[in-house]
Protein chains: 2
Amino acid sequence: MCFMRKYSGRPVELDEVVVTDGFWKKEQELVENTTIGAVYDRFEETGRFEALKCEWKEGMPGKPHIFWESDITKWIEGAAYFLSKKRDPVLEEKIDILVDRMERYQDEDGYLNVYFTVVEPGERFVRRTDHELYCAGHLIEGAIAYAKATGKTKMLDIAVKYIDLIDRVFRIEHSAAFDTPGHEEIELALVKLYRYTGKERYKLLAEYFLDMRGKSARDSTYDFADQEHMQSHLPVRDQKTAEGHCVRALYLYSAMADMAMLNSEDALAEACQALFENITEKRIYITGGIGSTYRGESFTFDYDLPEYTAYNETCASIALTMFCKRMWLIEADGKYADWAERALYNTVLGGISLAGDSFYYENPLAADPRRNRFNSSRAQGLREHLPILERVKVFDCSCCPPNLIRMIGSIGEYMYSSSGDTIYTQCYMSGDAGICLGDQLIRLSQRTEYPMDGRVEIEVETKGVFKLALRIPNWCSDHRIMVNGEQCSCDIWHSYAILDRSWEKGDRVELILKMDTLFVEANRDVVDVAGRVAVMRGPLVYCAEGIDNEDLPLRDIRLDPGALPALGTRVIAGRTLPSLVLEGTLRPEMQGLYRRYTRNREKISLTMIPYFAWANRGITEMNTWFLAD
Amino acid sequence: MCFMRKYSGRPVELDEVVVTDGFWKKEQELVENTTIGAVYDRFEETGRFEALKCEWKEGMPGKPHIFWESDITKWIEGAAYFLSKKRDPVLEEKIDILVDRMERYQDEDGYLNVYFTVVEPGERFVRRTDHELYCAGHLIEGAIAYAKATGKTKMLDIAVKYIDLIDRVFRIEHSAAFDTPGHEEIELALVKLYRYTGKERYKLLAEYFLDMRGKSARDSTYDFADQEHMQSHLPVRDQKTAEGHCVRALYLYSAMADMAMLNSEDALAEACQALFENITEKRIYITGGIGSTYRGESFTFDYDLPEYTAYNETCASIALTMFCKRMWLIEADGKYADWAERALYNTVLGGISLAGDSFYYENPLAADPRRNRFNSSRAQGLREHLPILERVKVFDCSCCPPNLIRMIGSIGEYMYSSSGDTIYTQCYMSGDAGICLGDQLIRLSQRTEYPMDGRVEIEVETKGVFKLALRIPNWCSDHRIMVNGEQCSCDIWHSYAILDRSWEKGDRVELILKMDTLFVEANRDVVDVAGRVAVMRGPLVYCAEGIDNEDLPLRDIRLDPGALPALGTRVIAGRTLPSLVLEGTLRPEMQGLYRRYTRNREKISLTMIPYFAWANRGITEMNTWFLAD
């Protein structure tokens, strides 16, 4: 048996791994070849880069928005992850120009925010929810990533100068009008900055923001919102249910997990565990989406998971994945990677088109073009908020596209973690790693077609004594493990199969995860999907689109969870993707609205595709939860 | 066979019938003894009656609202229906005081609207949607009812003086800023006034308002709304789908049906038939509720019938019933009374508490206290609009309570209609009638416990030759008819069983409508209730409340439509009401959110009560559509 020593978890970071091929390499190539440039062009067109010149004046077009800078610095961070694997002078020049603009407009005292420089210069550090500190956080993250990738430190110097001002104003002088950010993000960025620079004061500032939250009388909110919306209804250690704006919440929880690790603090770690449990046992969609309502982009209440109006912001799933990556350091339990990959393969990837150039902010579980059509035909005052039916190239609030770039660019960080003499596999993907384990440097080479196939091969390229803890995903009912062709029976500990041995160079581990089609039902308190099932294969949730199932009323189809689905493929936007064909039944057509109940049913076949691939072929109906016999 | 001659339908009006006992007599007693007084007191408390003095000035409390007067005149109309059966000096004195106030503040030119007298006197006949003409319509209806009931004509004189002004300003001079009312109602009131006074100009004005609708360039709307919202997107004869605000729509369609009858006009009649068909085949709830959304209190699109957020304004169901009553004069088809009684017994009666003193504006199909609780815990800006879970005594916009008084007070008008030598039974209830049929006065005495029981007895109290057309409701799969104890086999023609004979005084007709419990399913395009059934017995839709089904997750219960329900009774708010106990199953409880689909089921019993009786025992979950095996 293997027990992780408390707070001994260690991340395996981007500089220790390289994604080599398979599913994620293709995603990275798409982002590298298309997304980075496409997002850059859209930001250019919309005046975001121009705004950095700080030349805007009242009456001019292109009025800067309070969070425009975070779009830019997140894009830089994402680009930097790719540069860290392959330098690119053209891309770097673009970034350097942006950094130069930042340098030029940075105030002497270090202040750096376009909006509060040219639009409301008198309102610095006054309005809690106006994203100043959020932007500062992303500036830090972008600066560190760019410095790590290129060795260029100008952006980092700018960031440090600004953070030193923030430290003075907030932590030392308390001269801002509020105490903690309305939109969290800077906390986890400060931890990164502390780790990167080793300077204690950044950790102190992160602690200050965490510890003051929920305790400050000066932390008022906008009229429309409440303290729950910004997770300041309680001191962070007392927060046990996930409340309010989901991205803010998960960025906060990520910082809390970071701090629990830094300080080996039980109270914070336990709050994080309780929050994770509340989310995953009461408030998450089967796709890994969080945020049951667009109102405040927020969590609602236990078991409230409406389908058509699910908000499920792409950034929220990214933030959840980031939180999971921290939680698996706190506690060796496969559930963290289970939910990380659930989000990654469904609502994170669902946020980007297969062509790589357009994006979803919201990721609903079902879509009805009739409803959207009616809605858009109504006068403005009579419209409801509905998720859009086609991805777009840029949003007014375009946080998700650059967040996808940095997520996919840093996906290698989700492969492994370590603790003491154990290496944990977290999310399976093809890649090479060199992992520091005490004084050993262990090289592993992983090859897999996951998530399309459940076979994973890991070659140990370094002689050494260590445990390899292979995660058995929660969707998997049966698995086999072989070492050098010989079957092993391993103890399963918190969803990890532990291989404890003295490894020789060239040892070959094969993990075969049986990947069946799975019919899943929800807790009966989830009123929205009572009587319905979702279909999964591996970590992929499947959905059906009208375009593949012409004339079938998707919501009325009853699937037979006893029948064996046929596996196939479907070419969508030039990519060959897995598909399923399932047998089901349908009630006969009728005129009018109501009739006596009949048991008559017509047989039909339903074609399903991975959820992440929906809405790549024009506007069409989509459904995830189906009636079941 | 019996064929109705076109446009020969004739209503059987309130002065020709008296409700004697049974279901509706109890409802009338409740309204007479409780509701009339309760609504009066609430209107008094909220300053509505005080406002009629026109003494309000800026800065004072009790600022009059643009539609307050319609609350008062509708209350007078309702009270008058009861006075028409039994005079009451105390009640009349209250009304006379209100009429005196109207007289005092009426302008010399006839203008009569409190709001535009004391709040914005410069804005008369300027803003189309500000309910001036709507209030004028209710003034007419109240005045006629009070004159008919008491012979007192002061209110009618006031109304006529105002209408003469409106006629001049709108029809003759076109000096108003718009051409047709934003909220319809005056059109059907003008038809009543024409019928009561015989004066052609009121018919001309009604025609003017109908014919100008959808054709006027001056009929703009509020910014938030659109022409569909006010049914002015098309000329009325071209309107074939029900659009916009439901009460406005159904008041308009009622006036269109009136005018079709007055003028024997096919184009208008056909538009009315198309609108009725669109509503009942595509856009109506099983409870007879209309209005799928609170946004604009309006129709949405075909088959869009969400449960929890159904708007289904009580007034809209009342207006639908009024429309049906007119349609069964245009066309002898049982479907009109089918839908009238569906609305009456479910969403109309659902609008009033069993104690008679509190009211619903909205009538949803399901209610979840968890959702309301969460919603009310949020900041104002983050709340969604949800139907309330307990009836209240008065609303800011309190149109429904007095509308219920006038509906229940005039329920006798829904018993019969005639055409040529045929008397049609429309809605069954215990009551006596003296019906003019050509030169015969036919007296009928009807006794029934309908809708609790399907047995109806009609005694013919006048010798005569006429046809009696007995409606066979659409919920009824089997019926028997006996005359003087002898079974008859009758032709069924458009849902009416025709008894064509020479009647003797004392002839006794017995109609036995087999009243089974009925499991009903919706068209498969109604995505919200796919896989679900509703339960009906007679015209009553049943629902289940949490309070009768402790700890059962109602949405997860699967009913067996093959099993025979047990009939019982339930005492609610002191009234003994029918109940049903049905067998069903439930999925086993679980921790967390998702698991592999299981076919395991636990057996449970579900108690159901009539929909109209819900929410009379505190806040509790409610559900109407259940999963079915």
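This is a predicted model: local features need pLDDT of at least 70, side-chain atom pairs count only at pLDDT 80 or more; totals for chains, interfaces and linings use all residues.
Which residue is the bridge partner of E457(A) in β14(A)? That partner is E510(A). Chain B can be laid on chain A with an RMSD of 0.0 Å, using a turn of 180 degrees and a shift of 0.0 Å along the axis. That's the relation of a two-fold axis.

**Where the chains meet**

- On the chain B side, 53 residues are in contact with 53 residues of chain A.
- Elements giving two or more residues to the side of chain B that touches chain A are α11 (266-282), α14 (369-377), β15 (517-522), β21 (594-596) and β24 (626-628) of chain B.
- β15(B) gives the most to that side, with five residues.
- By residue type, the side of chain B that touches chain A splits into 25 nonpolar, nine polar and 19 charged.
- The copies meet through the same surface, because 100% of the interface residues of chain B are also interface residues in chain A.
- Strands pair across the two chains as well: β15 of chain A (residues 517-522) and β21(B) run antiparallel, with three bridges between them.
- In that pairing, E521(A) has R595(B) of β21(B) as its bridge partner.

- β8(A) covers residues 455-460, and V456(A), I458(A) and V460(A) make up its covered face.
- On the uncovered face of β8(A) you'll find R455(A), E457(A) and E459(A).
- One partner is β7(A), residues 440-448, which runs antiparallel to β8(A) and is joined to it by five bridges.
- A hairpin of six residues links β7(A) to β8(A), and L444(A) stands opposite V460(A) in β8(A).
- Another partner is β14(A), residues 508-513, again antiparallel to β8(A) over five bridges.

**A six-stranded sheet in chain B**

- Chain B has an open sheet of six strands with mixed pairing, in the order β1-β4-β5-β9-β13-β12.
- Its edge strands are β1 (9-11) and β12 (492-493) of chain B, each of which pairs on one side only.
- Helix α12 of chain B (residues 314-330) lies across β1 and β4 (416-419) of chain B, and runs at about 145 degrees to β1(B).

Note on methods:
Residues are numbered from 1 along each chain as its sequence is written. Chains are lettered from A and ligands numbered from 1 in the order in which they are written. Copies are superposed by least squares on the C-alpha atoms of residues with pLDDT of at least 70 in both. Two residues are in contact if their C-beta atoms, placed from the backbone, lie within 7 Å. A residue is buried if 20 or more other C-beta atoms lie within 10 Å of its own, exposed if 12 or fewer, and partly exposed in between; C-beta atoms are placed from the backbone. Helices (H or I, at least four residues) and strands (E, at least two) are DSSP runs, numbered from the N terminus. Two strands pair if DSSP finds at least two bridges between them. Ala, Val, Leu, Ile, Met, Phe, Trp, Tyr, Cys and Pro count as nonpolar, Asp, Glu, Lys and Arg as charged, and the others, Gly among them, as polar. Axes are lines fitted to C-alpha atoms, for helices over the stretch in contact, and angles run from 0 to 180 degrees between N-to-C directions.
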